[in-house]
Amino acid sequence: MVQESGRKKINLALQGGGAYGAFTWGVLDHILQDGRLDIVGVTGASAGAINAIMLTDGLARGGPDEARNRLADFWRAASINGKLPELQRKVVDGLLWPTKIWLEMVCRFQQGPLAPPIISPYDFNLLDINPLKDLIERFVDFEAIRKCQVPKLFVSATNVETGKLRIFSQDKITAEVVAASACLPNLFRAVEIDGVPYWDGGYLGNPSIFPLLKTTTTEDVLLVQLNPLKRHGAPTSIAQILRRLNEITFNSSLMGELHAIEVVRRLIDEGRLGWGVGQETYKRVTMHRIVLDASDKELDPLSPVNIDYEFFEMLRDQGRDAARRFMDAHFEDIGVRETMDLANEVQAEWA
């Protein structure tokens, strides 16, 4: 959709991916600085939810420049240089490097052949400490977010009891909701909201796209994807196997939504579904994507990594570069045609 000013409207779908969420920070930073896109809707899970809420908080408080500042402030605080209190540091480390922390715990506690293969957070986190909530509250003005009309904000979490996806709209989003969206069950106790336990939203919606289709008139969706769909060869070490398993698991819900979008689009093109606005019509979603190149990602979560601000800045710069390339190549396509080969992306491999 093109406005008289030459600006275009876009929905953002932000995937979770631990520390690689700093790449999304870079993508958002460039989009905000570029100024040619109006963000009318944003949805996210886990680290994607944190980026989404920092973005919306900044836009609600003071516009694009303030949103850039809020994102930068959070990622600096999340780094070692941020000098967080010790408890908050442990939580942020778990969020940013979940597989690494989990493997270290298993190695620490699994001393004998009869030791349990997984240590429950209900065993080692007896006080149910999850200071991520306090960290989010330190940064976010939830009242300002609830009053914000644009962009529409959605955060996903997984209902532990029903196994269903829960979508929280911005009038329902709290620090507990963000903590729930980032709650990995092998590290943290389930986050209870109104007596209902929730786990990481990435299991069922990473990110969930359909809320954007119900609440905005814009059909263009820009997906920021952190978990690569493709890798060459089979992983061999336990760390590599777990990393690849996580990538496939946390992409599965996204692939399901993309397949549904492609089916609806095909039926619209065949004249079997109505296209437009109304109860009997459907949106023909136009997908775009900025993806973190798998070759840029460290495969082994137990290998040395820098979780200091310089490392996050490196990922931010990669995100900025990727967003710049996308805008240079595809800004004119937004509102006109898709730039993601969705039909090929979701096609099953037949034997």
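Visitor: Quick one to start. Is Tyr-198 buried or exposed?

Guide: Tyr-198 is buried, because its relative accessible area is 2%. Buried means under 20% relative accessible area, exposed means over 50%, and partly exposed lies in between (1.4 Å probe, protein chains only).

Visitor: What kind of model is this?

Guide: This is a predicted model, where local features need pLDDT of at least 70, side-chain atom pairs count only at pLDDT 80 or more, and totals for chains, interfaces and linings use all residues. Residues are numbered from 1 along each chain as its sequence is written, and side-chain values use heavy atoms, leaving out hydrogens and water.

Visitor: OK, the core. Which residues in the largest nonpolar core touch the most other members?

Guide: Leu-12, Ile-53, Met-54, Phe-74, Ile-136 and Ile-173 do, in a core of 66 residues. A nonpolar core is a set of buried Ala, Val, Leu, Ile, Met, Phe, Trp, Tyr and Cys residues joined through side-chain atoms within 4.5 Å.

Visitor: Which helix gives the most to this core?

Guide: Helix α12, residues 309-330, gives the most, with 8 residues. Helices (H or I, at least four residues) and strands (E, at least two) are DSSP runs, numbered from the N terminus. There is another core apart from the largest one. That other core has 14 residues, including Val-221, Leu-254, Leu-258 and Ile-261.

Visitor: Rings next. How many aromatic pairs are there?

Guide: The count is 6 aromatic pairs. Rings of Phe, Tyr and Trp (its six-membered ring) pair if their centres lie within 6.5 Å; planes under 30 degrees apart count as stacked, over 60 as edge-to-face and the rest as tilted.

Visitor: Why is the pair of Trp-75 and Phe-312 edge-to-face?

Guide: Their planes are at 70°, so the pair is edge-to-face, with ring centres 5.2 Å apart. The pair links distant parts of the chain, 237 residues apart. Trp-75 is in helix α3, residues 64-78, and Phe-312 is in helix α12.

Visitor: And how accessible are those two? What are the values?

Guide: Trp-75 counts as buried at 1% relative accessibility. Phe-312 counts as buried at 0%.

Visitor: What about Phe-168 and Tyr-198: how far apart are the ring centres?

Guide: The centres of Phe-168 and Tyr-198 are 5.6 Å apart, and the planes are at 70°, so this pair is edge-to-face. Phe-168 lies in strand β4 (residues 165-169) and Tyr-198 in strand β6 (residues 196-200), 30 residues apart. Phe-168 is buried, with a relative accessible area of 2%.

Visitor: Which residues do ring pairs link into a cluster?

Guide: Trp-25, Phe-74, Trp-75, Phe-139 and Phe-312.

Visitor: Which charged ends sit over the ring of Phe-331?

Guide: The charged end of Lys-8 does, 4.8 Å from the ring centre. The charged end of Arg-36 does too, at 4.4 Å. A charge sits over a ring if NZ of Lys or CZ of Arg is within 6 Å of the ring centre and within 35 degrees of the ring normal.

Visitor: Helices again. At what angle do α3 and α12 pack?

Guide: The angle is about 145°, and the axes are 9 Å apart. Axes are lines fitted to C-alpha atoms, for helices over the stretch in contact, and angles run from 0 to 180 degrees between N-to-C directions. Arg-68, Ala-72, Trp-75, Arg-76 and Ala-78 in α3 meet Tyr-309, Phe-312 and Arg-320 in α12.

Visitor: Last one. What is phi of Ser-46?

Guide: Phi of Ser-46 is near 55°, a positive value in a residue other than glycine. Ser-46 is in the loop between β2 (37-44) and α2 (47-62). Ser-46 is buried, with a relative accessible area of 8%. Asp-194 has a positive phi of about 55° and is not a glycine. Asp-194 is exposed, at 78%.

Note on methods: Contact means heavy atoms within 4.5 Å.
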